[in-house]
Amino acid sequence: MKRRLSIYHIYAIPTTAYLLLFFYIPIITIIVYSFWIGGPFYEFKPGFTLENYVRFLTSRVTQNVMIVTNVVAFLSFLATLLVAYPIAYFLARVLKGDTGLRIILLMLIPLEMNYLIRIFAWRNILGEQGFINNLLLTLGIIDEPVRIFFHSMYAVIIVIVHNALPYAVFPLYITLRSIPQNLYQAAMDLGSNRVSTFFRVTLPLSMPGIAVAFLFIYVPMLGEFAIPALVGGKTFLLGNLITRQYLDVGNWPYASAATISLLIITLIASFLVFKYMGVRRLYE
Amino acid sequence: MSLKLENIHKFFGHITALKNVNLEVNKGELLVILGTSGSGKSTLLRIISGLEKPDKGRVLINGRDVTYEPPYNRPTSMVFQDLALFPHLNVFENIAFGLKIRKYDRREVEIRVKEVAEMLRINDLLDRSVAKISGGQRQRVALARSLVLHPDILLLDEPLGALDMKLRMDMWVELKKLQRQVANTWVFVTHDQHEAMALADKIAVINTGEIQQLGTKDEVYDSPASLFVASFIGEMNFLEGRVTEVKGDVLKVETPVGEVEATMQRVKGRPETGARVTVGIRPEKIQITKTPNDCINTLSARVSEINFSGVLTTYELELPDGSRIKIQTTSRQMGYRQGDKVYISWSPEDVNVYVTQ
């Protein structure tokens with residue numbers, strides 16, 4: 001069947017051009033690079049080989065980095081959830097009307113600040129001359145500045161929780177708001193007290209919000225490189241590995257293969273989360 | 001006494017939702033609370049369930065004061081207006097919800113869920129999602145979820161509202177049967193007088209937060225306690241008038257269309273001679289004849305509308321002063337036509353009289 005072009009197809013041009021220029025062309029370029037024959041110091045040649053993928057997926061070093069990255073990403077997600085859930089619960093179920101939404105908008109304001117500056121700001125709190133160390137010194141709890149708060153995995157997680165909080169609070173707020181009040185009442189009527197109502201009704205029904213928060217936090221973490229580089233000390237994640245391969249080592253084919261592998265992993269993870277955690281229910 | 005409400009008051013801000021409500025329901029009885037929307041009937045049900053606390057008064061269940069007990073400590077269970085089934089649980093898990101909270105072991109849960117599912121004929125839906133069953137089936141799941149707990153009192157908040165007429169009528173018969181079978185106390189809230197009549201052992205008519213009348217179906221229908229009840233339940237013809245004579249068992253009222261006689265036992269309040277009253281007569285209590293008979297309470301009228309609707313034929317008649325009166329009869333072949341001059345009459349025992357101040 002022939003599809004006729006009409007004048008209205010013009011409206012599709014800007015979006016198509018945007019996607020083409022900023023998504024498809026870069027990704028296709030990376031895919032092409034990932035099959036080239038690799039080598040350090042920008043000495044790579046066009047060609048076709050699976051060598052880069054094999055090396056990336058089988059190397060001990062990358063496997064370790066992969067494990068550490070997933071652990072950090074998961075811990076960050078959990079930590080964010082633990083902080084965000086009570087906030088979202090309070091905003092959605094304790095406050096009346098739109099007050100909760102207004103507070104969420106206030107939470108978004110710090111996100112206007114530059115990402116790197118926000119990360120650096122934590123130096124003033126967690127660093128050797130930072131607020132926490134000074135406080136502990138003044139109180140006489142420690143004799144000299146400690147470093148566990150800064151240049152460590154904990155610092156990475158703390159900074160991520162701070163950055164990701166609005167992204168977790170918002171979807172949780174939306175799901176908690178969408179649960180009909182009478183379900184809580186029905187649960188109580190059937191003999192369930194407040195605690196068991198939370199675990200049997202509220203928590204399962206807020207799964208879609210948790211899933212969205214997971215996608216917003218866990219997935220970007222797999223490629224995160226700035227936070228570990230700036231506050232993470234020896235913490236070396238997948239994002240750092242890829243940036244190093246691109247910028248320092250100069251092995252673009254290897255870096256590209258790593259990028260594409262990461263992309264596929266995140267796609268699979270997102271698909272599973274969407275399919276099994278009822279995210280679609282949010283939009284029905 | 002299964003359920004007893006004493007002087008219940010409930011205020012929402014400046015609005016009085018319930019005013020001095022007193023109710024008593026015996027074990028095994030089905031009480032229907034009948035009222036229009038905003039009459040306070042749902043609030044009353046929520047107070048019995050514990051979802052709402054009264055501002056004054058006491059709630060007693062089996063003699064125990066439960067006024068300040070939370071819903072999860074009361075032997076009641078509620079079927080919600082919009083059912084409130086748990087969307088994340090399937091049919092079986094919805095029904096088993098209360099049993100699992102009470103920590104019954106798995107075999108016991110299974111036996112009891114199957115038993116109640118069989119009773120409500122939903123046993124082949126148990127592993128279905130509650131989103132993928134019909135409205136009538138969802139209805140039954142909600143009912144099963146409450147009944148499985150064997151509550152002393154089952155509360156139903158207009159649970160049939162979403163069903164179409166035919167299905168509702170079937171459910172009335174089935175619910176009534178079910179209630180006799182499980183033999184616990186039911187309190188059923190509705191705005192539908194037909195539903196109330198179909199289900200009730202006792203009816204409580206509620207209006208603007210006050211119980212207008214509490215009685216059996218016959219009491220409420222034959223002898224409505226107030227003008228509101230009279231106009232709310234069934235149909236009623238009203239004539240305004242003034243009392244001309246009170247003598248022994250007989251009360252005479254002068255109306256614009258003639259004199260009406262009533263027996264005293266149907267007179268609400270104590271009207272004296274000269275008092276303004278409203279006289280009410282049910283449409284099916286009025287006889288219609290071609291010639292004047294020698295009964296008391298005979299008026300002349302003209303047929304203005306005839307409407308046959310299955311079982312009943314409704315006549316609308318015009319009285320000499322231009323007001324209209326309705327008559328219902330089950331016989332079709334009366335041979336009247338529009339415009340015919342007829343006579344109508346009724347017995348003094350069928351006349352309700354209300355003082356109108």
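## Chain A: an all-helix pattern

Along its sequence, chain A runs α-α-α-α-α-α-α-α-α-α-α-α-α-α, which amounts to 14 helices and zero strands, where helices (H or I, at least four residues) and strands (E, at least two) are DSSP runs numbered from the N terminus. This is a predicted model, in which local features need pLDDT of at least 70 and side-chain atom pairs count only at pLDDT 80 or more, while totals for chains, interfaces and linings use all residues. Residues are numbered from 1 along each chain as its sequence is written, and chains are lettered from A and ligands numbered from 1 in the order in which they are written.

The C-alpha atoms of chain A occupy a box of roughly 75 × 70 × 35 Å along the principal axes. Of its 284 residues, 34% count as buried; a residue is buried if 20 or more other C-beta atoms lie within 10 Å of its own, exposed if 12 or fewer, and partly exposed in between, with C-beta atoms placed from the backbone. Among the contacts in chain A with a separation of 6 or more, 71% come from residues 24 or more positions apart, two residues being in contact if their C-beta atoms, placed from the backbone, lie within 7 Å.

## Annotated segments of chain A

An unreviewed UniProt entry places the feature "transmembrane region" at residues 12-36, 65-91, 103-121, 153-176, 197-219 and 254-274 of chain A; UniProt positions are given here in the numbering used for the model, feature names are shortened, and annotations may be inferred rather than shown by experiment. In the model, residues 65-91 of chain A are 100% helix and 0% strand, with the end C-alpha atoms 38 Å apart. Residues 153-176 of chain A are likewise 100% helix and 0% strand, and there the end C-alpha atoms are 31 Å apart.

## A:Arg200 in chain A

A:Arg200 belongs to helix α10 of chain A, which covers residues 194-205. Is A:Arg200 buried or exposed? A:Arg200 is buried, because 20 other C-beta atoms lie within 10 Å. Not counting residues up to four places away in sequence, A:Arg200 touches A:Ala187 and A:Ser192, and its C-alpha atom is 9.8 Å from that of A:Tyr184, at a sequence distance of 16 residues.

## Chain B: strands, sheet and domains

Chain B has eight helices and 21 strands, and its C-alpha atoms fill a box of roughly 75 × 45 × 35 Å along the principal axes. Of the 357 residues of chain B, 38% count as buried, and 66% of the contacts between residues at least 6 apart in sequence join residues at least 24 apart. Four strands of chain B form an open antiparallel sheet in the order β2-β1-β4-β5, where two strands pair if DSSP finds at least two bridges between them. The edge strands, each pairing on one side only, are β2 (15-25) and β5 (64-65) of chain B. Strand β4 (residues 56-61) of chain B pairs with β5(B) in the antiparallel sense over two bridges, and B:Leu60 has B:Asp65 in β5(B) as its bridge partner.

The domain assignment, which is automatic or taken from a database, divides chain B into domain 1 (3-231) and domain 2 (235-355). The C-alpha centres of domain 1 and domain 2 of chain B lie 38 Å apart, and their contact takes seven residues from each of the two domains.

B:Arg121 sits in the loop between α3 (106-119) and α4 (135-147) of chain B, and B:Arg121 counts as exposed because it has 11 C-beta neighbours inside 10 Å. B:Arg121 and B:Val141 are 20 residues apart in sequence, and their C-alpha atoms are 9.8 Å apart in space.

## Nonpolar cores

A nonpolar core is a set of buried Ala, Val, Leu, Ile, Met, Phe, Trp, Tyr and Cys residues joined through C-beta atoms within 7 Å. The largest has 78 residues, and those with the most contacts inside it are B:Val32, B:Ile33, B:Ile95, B:Val187 and B:Ala204; α2(B) gives the most to this core, with six residues. Leaving aside neighbours within four places in sequence, B:Val187 is in contact with residues including B:Val25, B:Leu31, B:Ile33 and B:Ile153. Apart from this core lies another, of 54 residues, among them A:Trp122, A:Tyr167, A:Tyr173 and A:Ile217.

## Where the chains meet

The contact between the chains takes 18 residues from chain B and 15 residues from chain A. On the side of chain B that touches chain A, the elements giving two or more residues are β6 (76-79) and α2 (91-101) of chain B, and α2(B) gives the most, with three residues.
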